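Student: I have this protein open on my screen and would like to go through it slowly with you, please.

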Amino acid sequence: MKKRIIIFLLFVLSIGILSSCTDTKKPEVSDSKSLKIIIFQGLNYRVTDEKVDDQGIEQKVGEVKSYSNKSGEHYVEDAFSNAYQIGTDLYKIKDNDVIEAIAVKTEDTYLKAVKR
């Protein structure tokens with residue numbers, strides 16, 4: 001009887017070990033292509049979908065000077081983006097410090113970029 005209990009416990013234990021080895025959960029992978037970033041004045045910003053109204057825009061603070069959408073490629077100079085072409089304008093948002101957020105001028109609107 002003890003032999004059967006020991007065999008049963010070993011069987012249950014081996015199933016538990018095997019099931020943990022074949023875990024089907026996939027690790028979370030960050031899709032860097034969908035993450036739009038801007039590096040400006042040494043700060044890293046993530047561009048959001050939040051629109052900034054024209055009245056919320058103050059003066060131009062800079063523009064994108066370096067662009068690459070290739071994974072692992074590093075920016076050469078300040079004002080880099082992986083999503084916006086060279087020449088894309090960057091603006092100060094009214095009542096926001098540039099250190100915390102900036103606005104990116106797109107074709108038809110301004111998008112908020114927040115410090116990461």
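Tutor: Let us begin with the words: helices and strands are DSSP runs numbered from the N terminus, where a helix (H or I) has at least four residues and a strand (E) at least two. Please also keep in mind that this is a predicted model.

Student: In which sense do β2 and β8 pair?

Tutor: They pair in the antiparallel sense over five bridges, and V47 stands opposite A113 of β8.

Student: New topic: which residues have the most contacts inside the largest nonpolar core?

Tutor: Those are I38, F40 and I102, in a core that has 13 residues. Strands β1 (37–40), β2 (43–52), β7 (101–105) and β8 (110–115) each supply at least two residues of this core. Apart from that core lies another of seven residues, including I57, Y91, A101 and A103.

Student: What does F40 touch?

Tutor: If we leave out residues up to four places away in sequence, F40 touches Y45, V61, G62, D78, A79, L90, V98 and I102.

Student: Where is A79, by the way?

Tutor: A79 is in the loop between β4 and β5 (80–81), and although A79 is not a glycine, its phi is positive, at about 70 degrees. For comparison, most residues other than glycine have a negative phi.

Student: Is A79 buried or exposed?

Tutor: A79 is buried, because its relative accessible area is 3% and the cut-off for buried is under 20%. D95 also has a positive phi, near 65 degrees, in a residue other than glycine; D95 sits in the loop between β6 and β7, but D95 is exposed, with a relative accessible area of 74%.

Student: How many aromatic pairs does a search of the whole structure find?

Tutor: The search finds one aromatic pair. In that pair the ring centres of Y91 and Y110 are 5.4 Å apart and the planes are at 90 degrees, so the pair is edge-to-face. Since Y91 belongs to strand β6 (residues 89–93) and Y110 to strand β8, the pair ties together parts 19 residues apart in sequence.

Student: Last one: where does K65 lie?

Tutor: K65 lies in the loop between β3 (57–63) and β4 (66–67), and at 47% relative accessibility K65 counts as partly exposed. Its C-alpha atom is separated by 9.8 Å from that of Y84, which is 19 residues apart from K65 along the chain.

Notes: Residues numbered from 1 in each chain as written. Predicted model: local features only at pLDDT ≥ 70, side-chain atom pairs only at ≥ 80, totals over all residues. Heavy atoms only, no water. Core = buried A, V, L, I, M, F, W, Y, C linked by side-chain atoms within 4.5 Å. Buried < 20%, exposed > 50% of the residue type's maximum accessible area, 1.4 Å probe, protein only. Contact = heavy atoms within 4.5 Å. Phe/Tyr/Trp six-rings, centres within 6.5 Å; stacked < 30°, edge-to-face > 60°. Pairing = 2+ DSSP bridges.
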